[in-house]
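Biologist: I have a structure open and want to learn how to read its features. Can we take them one by one?

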Amino acid sequence: MHVQVGGHRDLMLLYRWFQIELARDMGYATARYGHVMFPENVYEPALECAELLLEGVGKGWASRVYFSDNGSTAIEIALKMALRKFLFDHKIVSDDLVTENAESRVDLKVLALRGSYHGDTLGAMEAQAPSPYTGFYQQPWYKGRGHFLDPPTVAMRDGVWKLSLPQEIETLKPSLEDLTFSLRENIFKESRDTSNLADIYHSYIWKTLQLIIDSSGSTRTGALIIEPVIQGAGGMEMVDPLFQRVLVKECRNQKIPVIFDEVFTGFWRLGAESATEFIRCNPDIACFAKLMTGGIVPLAVTLASEAVFEVFVGDSKLQALLHGHSYTAHAMGCTAAVKSIKWFKDSKTNHNLISEAMLLRELWDSDAVRQISLLPAVHRVVVLGTLCALELRAEGSNAGYASLYARSLLQKLREDGIYMRSLGNVIYLMCGPCTSPQSCSNLLNKVYSRLEEL
């Protein structure tokens, strides 16, 4: 099938072609493979998917792909990997895991950011700070096995990109010129690494890590886990990439393995194939799902470096990573992932791709976004890649995840053909990597009109 692309309608046809191609390839995989147990077997879709991942989101740092079925499970696998790596690097366990005993065990925790969300399975919830997702009614077993830092965040407020600092950092007196940005692109510039704020972040993080180490006793910090740049379900907050870059560097100095949770941010969600493009550093382990298959079927992966893989190599089966599912690397999911990965990063099929930069062009009209941020009803706006999120100005019970403040607005938007969900008083739009900028502009215009009525 050939589509001549020239306008908004042609891009819609191209997207439908993508859906047809996905369905066709998955139908072929179903007829050819059925269900194959993955342990000790390999087949074409899984092998090709792994190769594409290592040449794409894992290029330059990852050497292994561990398949699973969903984002939460991918996180649990990543935690297992990171904690084993920490134990070996710090010589807390030996190669002989067969003779392990309770006396050799330590209490391992993670380092994470407040407002982060890493999934709803029990282990994943333990790696995130207290939130509505971890309350007693949701998870009576929750203890929060972590040290949680308040991150600095960035958003457009009243037409200007502004940095909001937690109180612990604000008291260190950063320069005023470090707190505002005339352009969003300036937030991601490497030149910020030599700024006064970078020194403040370094001092704050180093002292925090030292306090954790000095006061922990038998408790150790075995992994860092972060959502790069955008914290999704926690309220669509943009974390200062400079802060995350400094945090990763300091954890590396302490030999703390680094996990990137890219279940939400990966595969062009933020305008690049991986969010590592924005924070300019690599993890030891990373998790992907969602857009990896074009959203058509569940599949997840945990990518790891060779150094992480090596701590699971040994003569005993008990030294391996004993984690798996009946539908690990299922043929339909891997087939859909192969098609989606190729489609999104090929300028012939994804006309939003700036091939020389391997970035998506701007999908949301910057003037319309600025006008929305100036509305009295809007507290902040975050726009990056396929995401456009805004927080409604609210106080008391109208603010926070439990708020129903946005319900009337969402009902009115449904009358306009826009079906959204809210995170309390935060609402957001997400398009696909191939969605036309014209479609995004139409959405923004409708949202602006309804916000004016508030």
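Biologist: Which strands pair with β7, and in what sense?
Modeller: Strands pair if DSSP finds at least two bridges between them. Here β7 and β10 pair in the parallel sense, over 3 bridges. Ile226 stands opposite Phe260 in β10. Strand β2 (residues 107-113) also runs parallel to β7, joined by 5 bridges. There, Asp107 stands opposite Thr219 in β7. The names come from DSSP runs numbered from the N terminus: helices are H or I with at least four residues, strands are E with at least two.

Biologist: What should I know about the model itself?
Modeller: It is a predicted model: local features need pLDDT of at least 70, side-chain atom pairs count only at pLDDT 80 or more, and totals for chains, interfaces and linings use all residues. Residues are numbered from 1 along each chain as its sequence is written, and side-chain values use heavy atoms, with hydrogens and water left out.

Biologist: How many residues of strand β7 are buried?
Modeller: Buried means under 20% relative accessible area, exposed means over 50%, and partly exposed lies in between (1.4 Å probe, protein chains only). In β7 (residues 219-226), 7 of the 8 residues are buried, so the strand is largely enclosed by the rest of the structure.

Biologist: Now a helix. What should α7 span, in Å?
Modeller: The expected span is 1.5 Å times one less than the number of residues. Helix α7 (residues 241-253) has 13 residues, so it should span 18 Å; its end C-alpha atoms lie 19 Å apart, which agrees.

Biologist: How many residues of α7 are buried?
Modeller: 10 of its 13 residues are, so to read the helix is to read a mostly covered element. Among the buried ones are Phe243, Arg245, Glu250 and Cys251.

Biologist: What happens at the ends of α7?
Modeller: Asp240 caps the N-terminal end, with a side-chain oxygen 3.1 Å from the backbone nitrogen of Leu242. Just after α7, Lys255 takes a positive phi of about 55°.

Biologist: On to rings. How many aromatic pairs are there?
Modeller: Rings of Phe, Tyr and Trp (its six-membered ring) pair if their centres lie within 6.5 Å; planes under 30 degrees apart are stacked, over 60 edge-to-face, the rest tilted. A search of the whole structure finds 12 aromatic pairs. Phe267 and Phe288 form an edge-to-face one, 5.4 Å centre to centre with 70° between the planes. Phe267 sits in the loop between β10 (258-261) and α8 (276-279), and Phe288 in strand β11 (residues 285-288), 21 residues apart. Phe267 is buried at 2% relative accessible area, and Phe288 is buried at 1%.

Biologist: Which residues form an aromatic cluster?
Modeller: Trp17, Phe18, Trp343 and Phe344 form one.

Biologist: Last, charges. How many salt bridges are there?
Modeller: A salt bridge is a side-chain nitrogen of Lys or Arg within 4 Å of a carboxyl oxygen of Asp or Glu. The count comes to 22. In one of them, Glu453 meets Lys412 at 3.9 Å, N to O. Glu453 is in helix α13 (residues 437-453) and Lys412 in helix α12 (residues 407-415), 41 residues apart. Glu453 is partly exposed at 46%, and Lys412 is partly exposed at 33%.

Biologist: Which residues are linked with that pair in a network?
Modeller: Lys412, Glu415, Asp416, Arg450 and Glu453 are linked in a network of salt bridges.

How values were computed: Polar contact = N/O pair within 3.5 Å; in protein donor to acceptor, adjacent residues only side chain to side chain.
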